[in-house]
Amino acid sequence: MNQPLAYVHPGAKIAKNVVIEPFTTIHNNVVIGDGTWIGSNVTIMEGARIGKNCNIFPGAVIAAVPQDLKFGGEESLAVIGDNVTIRECVTINRGTIASGQTKIGNNCLIMATAHIAHDCHIGDNAIIVNGVALAGHVIVGNYAIIGGLAAIHQFIQIGDHAMISGGSLVRKDVPPYTKAAKEPLSYVGINSVGLRRRGFTSEKIREIQDIYRILYQKNYNTSQAVGIIEAEMSASPERDEILDFIRNSSRGIMKGYSGA
């Protein structure tokens, strides 16, 4: 840990095999796990908890205080899982009293210049592409992909395996397994390519397609569609995940494809 051109606060807990490049600053109350590499000119502030085998590229700022006028200086965390890659100039703010932490799961890729605001919770294996802006309290599911320059409204939920096109304005919740595009953001199919890559069978993909045909392509309102799906589709983890997501959506789910 002899890094003459980096500053590491004596109170930081750094594993012995962490590599810290020159001109990086690591504040007090920071924990960094084994095998992590931290590039030059990175700033890691109080409350950061970084896992094993992460790669943090130059210019990133981790665990800065929230950009929230209600923030009162309370102790909170920015928790980064294992095997996470954080590219150049990414900013990840720590949490507020609302949840206590901003959390990034394992095996995530956060591409250059993305911003992840306070109290966001991102699942495992998610990909956040260049320039994406996540407002506070956003929840992103496992294996979700958010395309470049997308802007995500606060308190939005994005389901597991969902894929959002680049440049999207996301004002409504995006259910699991779907693809979202157009303006206003709309359902444009299920993420069948991604599901096949992750081992979903053709039968399971057809089941998910049938659920979303009822929801989005049969001219039912959401409440009617949910009732029909529950009555006519056999119970399965995927069906129940979709129904639970819709029922628990506080902002409402995105609309169906209009063809316009």
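Here is a short chat about aromatic pairs, a sheet and some helices in this predicted model.

Me: Where do Trp-37 and Phe-57 lie?
Reply: Trp-37 is in strand β6 (residues 37–38), while Phe-57 is in the loop between β9 (55–56) and β10 (61–64). The pair therefore ties together parts that are 20 residues apart in sequence.

Me: What sits over the ring of Phe-57?
Reply: That would be the charged end of Arg-87, 3.9 Å from the ring centre.

Me: And how are Tyr-212 and Tyr-216 arranged, stacked or edge-to-face?
Reply: Those two are stacked, with 6.1 Å from centre to centre and 15 degrees between the planes. Both belong to helix α2 (residues 202–216), where they are 4 residues apart, about one turn of the helix. Together with Tyr-187, they form one aromatic cluster.

Me: Is Tyr-212 buried or exposed?
Reply: Tyr-212 is buried, with a relative accessible area of 0%. Tyr-216 is buried too, at 13%. Trp-37, on the other hand, counts as partly exposed at 24%.

Me: New topic: the sheet. How many strands form it, and in what order?
Reply: There are 10 strands in an open sheet, and the order is β3-β6-β9-β12-β15-β18-β21-β24-β26-β27, with mixed pairing.

Me: Which strands stand at the edges?
Reply: β3 (19–20) and β27 (186–190) do. Each has a single partner strand, so one side of each is left without a neighbour in the sheet.

Me: What joins β12 to β15?
Reply: Strand β12 (residues 85–86) and strand β15 (residues 109–110) run parallel and are joined by 2 bridges. Ile-86 has Ile-110 in β15 as its bridge partner.

Me: Which strands does α2 lie across?
Reply: Helix α2 lies across β26 (178–181) and β27, and runs at about 155 degrees to β27.

Me: Last one! Which residues of α4 are buried?
Reply: In helix α4 (residues 237–247), they are Glu-238, Arg-239, Ile-242, Leu-243, Phe-245 and Ile-246. Looking down the axis of α4, you find the buried residues within an arc of 160 degrees, so they line one face of the helix.

Me: What do they pack against?
Reply: The buried residues of α4 pack against β23 (157–158), α2 and α3 (222–232).

Technical notes
Residues are numbered from 1 along each chain as its sequence is written. This is a predicted model: local features need pLDDT of at least 70, side-chain atom pairs count only at pLDDT 80 or more; totals for chains, interfaces and linings use all residues. Side-chain values use heavy atoms; hydrogens and water are left out. Buried means under 20% relative accessible area, exposed over 50%, partly exposed in between (1.4 Å probe, protein chains only). Rings of Phe, Tyr and Trp (its six-membered ring) pair if their centres lie within 6.5 Å; planes under 30 degrees apart count as stacked, over 60 as edge-to-face and the rest as tilted. A charge sits over a ring if NZ of Lys or CZ of Arg is within 6 Å of the ring centre and within 35 degrees of the ring normal. The arc is that of the directions from the helix axis to the C-beta atoms. Contact means heavy atoms within 4.5 Å. Two strands pair if DSSP finds at least two bridges between them. Axes are lines fitted to C-alpha atoms, for helices over the stretch in contact, and angles run from 0 to 180 degrees between N-to-C directions.
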